[in-house]
Amino acid sequence: MKRKFLFYTIFLNCLLLSAQEEITAKVTIDEYLNLQVTQIFNENNNDIYLFPKEVSLNPKEFKFLREIGKLKEYEIQNVNNINFEIITNASRLKNDFFITDLKYTGIKRKDFFDLKKFNLEISSKKYKIIFPSKDDLKETYTTSPKIVAGDFNFFEENGFKVYYLEKEYLDEIKKATIGMDNSFNYYAKYFGEKRKPKIVFAPNNETSETTENLIVFNSDVVKGKNKENTVSHEIAHIWFGQDGLIIKERPVTEGIAEFLSMQYVISQYGEKGLDKSINERLFNLEGEKSLYNLKKKNLDLKQINSLSYRLLPMYFHSRQLRNSNFINELADLYKNKEKERKTSLDDINKFFQSKGYENISTEELFPDFFISECSPNEVCIKSNTEKNYDVEISIVDSNNQKSLKTLSFSKEQKINIENINRIIVDPSYKILQTSRLNDIWNKNDTSIFNKNRYFKINVGTKLETFSNAVVAYLSHNTDTISTNITVSKEELKNLKELRKNYLNCMITGASASYSKEKNLLYINFAFFDEIKNETSVLKLIFKFNTEETSLESFKFYK
């Protein structure tokens, strides 16, 4: 019986291998660093192929069908081979190494996302080919492997084959490989073992990238303060990304990798290891109301990066804090979709729903909790949502003793403050909120600028007075900005137009910081619209003259 089973398994594997598309090509890196490609086809070949956008085939020989994003679609009939050229951007390449992200073979449209066997003969008179080697080509790939060539040095550590150019960085690179191995083992514990990719360090002035069976790090990584995060982020892509599970919505892939990197850092250094990083992310996310941008098409690079490296990682991190099993839910997802190699947000939510897990909702609005005084002996923790939340509250009493309690409420919760000096809403960031400008109440500090989770106001007396005057003006408490700083009629008119948008609003919190070098004052306000029951964040930038005696201009962002 065992022999029959073994025979059947081998037979099935052979069938699968024979069913895989094989791509055969000769690739030469010429003297101008362009790729001269001869792709060889089977006889009687008749199919639709997708080629890189950079390729233009002879229209007399090959029928061009359409252009799809970065690809061109051609009908290929009864040809033995096709010769074409891929023009590289030589200005971005270095003299002592060659790395290209450009795709350089045609792929059958029907097999585009499937794993394929690449039979490649890559040559260069100038460079030694590092990747893909003959051993690398024993693996399967979904697309043509990235080419890495040059006079690289080499060492092997903990199963990682590491290539580098700059010998002066060797000690730092070896330290980085420790983080690679530790993070690899951390992820493997949840998602299962995988082959270790080749590692390349090169001064290519590009962001680090993980592709199939290869990670290319910008060598500057080993000199940076966040090298642990960058290294562990790229290692996470072995499971979620081009080398693992590919998610249609790219920001979700990046967001999961960044979240996993955060979890790894916590496993090594504790929660404190992420305090600064979390504060920076949340400060830049002020005003974000939902994950709705995940549904949008044609996002600009700034929006994509914000989703990928700030919003989604913080969203996943807050889920992990509320539900310690969340990382195991991601592991269930990965193991379920691993063989398919590709998935989408819709498929992920269907899987989560089938398991009884919380969906990744693009429609649900983030809540906002803020503190206001509602009587001489009470403060009210208010919410802009009807949904009931379990909210942690940190309390420092009159004896300077700290305590933590959880309150369950939707719209409002009152707290007696007779023996309380300080209150912080959701101190561990378990709930992703629209704003953190309004999370703190201090009995002995009533400044609106010291209610935030980021920093106290420290802009100098003159600019603090100006900042408070702006608060009074936007709150409709005054009709002018009364300070020693001159505000022109034109700028006051512009501010007047701006404050019309906040007629039914109260300012619940704010932050202020100043760049002496640029003479710029940055103020963020959290507004609560009592009619719409909605929190919004207004970001203002004031430009002063060098003496800080007059306002030259201001900009605002919502």
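This is a predicted model: local features need pLDDT of at least 70, side-chain atom pairs count only at pLDDT 80 or more; totals for chains, interfaces and linings use all residues.
Figure 1. Strand β10 (residues 129-131) is joined to β11 by two bridges in the antiparallel sense. Within this pair, Ile 129 is placed opposite Ala 149 of β11. Strand β7 (residues 97-100) also pairs with β11 in the antiparallel sense, here over four bridges, and Ile 99 stands opposite Val 148. In a regular strand, side chains alternate between the two faces of the sheet. Strand β11 (residues 147-150) is covered on both faces: Ile 147 and Ala 149 are buried on one side, and Val 148 and Gly 150 are buried on the other.

Figure 2. Leaving aside residues up to four places away in sequence, Thr 142 touches Ile 107, Phe 112, Phe 113, Asp 114, Leu 115 and Lys 116, together with Glu 212, Gln 242 and Arg 341.

**Figure 3. The open sheet formed by five strands.** The strand order is β12-β13-β14-β16-β15, with mixed pairing. Strands β12 (153-157) and β15 (209-211) stand at the edges; each has a single partner strand, so one side of each lacks a neighbour in the sheet. Neighbouring strands are turned against each other by 20° on average, direction ignored. Thr 211 stands opposite Leu 214 of β16.

**Figure 4. Helices α2 and α3 against the strands of the sheet.** Helix α2 (residues 170-191) packs on the sheet and touches β12, β13 (160-164), β14 (198-202) and β16. The direction of α2 makes about 150° with that of β13. Helix α3 (residues 227-236) lies across β13, β15 and β16, and runs at about 160° to β16. Seven of the ten residues of α3 are buried, so this helix is largely enclosed by the rest of the structure. The buried residues of α3 are Asn 229, Val 231, Ser 232, His 233, Glu 234, Ile 235 and Ala 236.

**Figure 5. Packing of helix α6 on helix α7.** Two packed helices are described by the angle between their axes and the distance between the axes. For helix α6 (residues 301-322) and helix α7 (residues 326-337), the angle is about 115° and the axes are 8 Å apart. Helix α6 contributes Phe 316, Arg 319 and Gln 320 to the contact, while α7 contributes Phe 326, Ile 327 and Glu 329. By class, the residues of this contact comprise three nonpolar, one polar and two charged.

**Figure 6. The second largest pocket and its lining.** This pocket holds about 970 Å³ of space. Its lining consists of 36 residues, and Glu 286, Glu 288, Lys 539, Tyr 557 and Lys 558 lie nearest the centre of the pocket. At least two lining residues come from each of α5 (275-284), α6, β27 (520-529) and β28 (534-544). Strand β28 supplies the largest share of the lining, with seven residues. The lining of the second largest pocket divides into 15 nonpolar, nine polar and twelve charged residues.

Methods. Residues are numbered from 1 along each chain as its sequence is written. Side-chain values use heavy atoms; hydrogens and water are left out. Two strands pair if DSSP finds at least two bridges between them. Axes are lines fitted to C-alpha atoms, for helices over the stretch in contact, and angles run from 0 to 180 degrees between N-to-C directions. Contact means heavy atoms within 4.5 Å. Ala, Val, Leu, Ile, Met, Phe, Trp, Tyr, Cys and Pro count as nonpolar, Asp, Glu, Lys and Arg as charged, and the others, Gly among them, as polar. Buried means under 20% relative accessible area, exposed over 50%, partly exposed in between (1.4 Å probe, protein chains only). On a 1 Å grid over the protein atoms alone, a cavity is a set of points where a 1.4 Å probe fits but cannot get out, and a pocket is an open set with protein on both sides within 12 Å along at least five of seven lines; lining residues have an atom within 4 Å of a point. Grid points are joined across faces, edges and corners, and a volume is the space filled by probe spheres set on the points.
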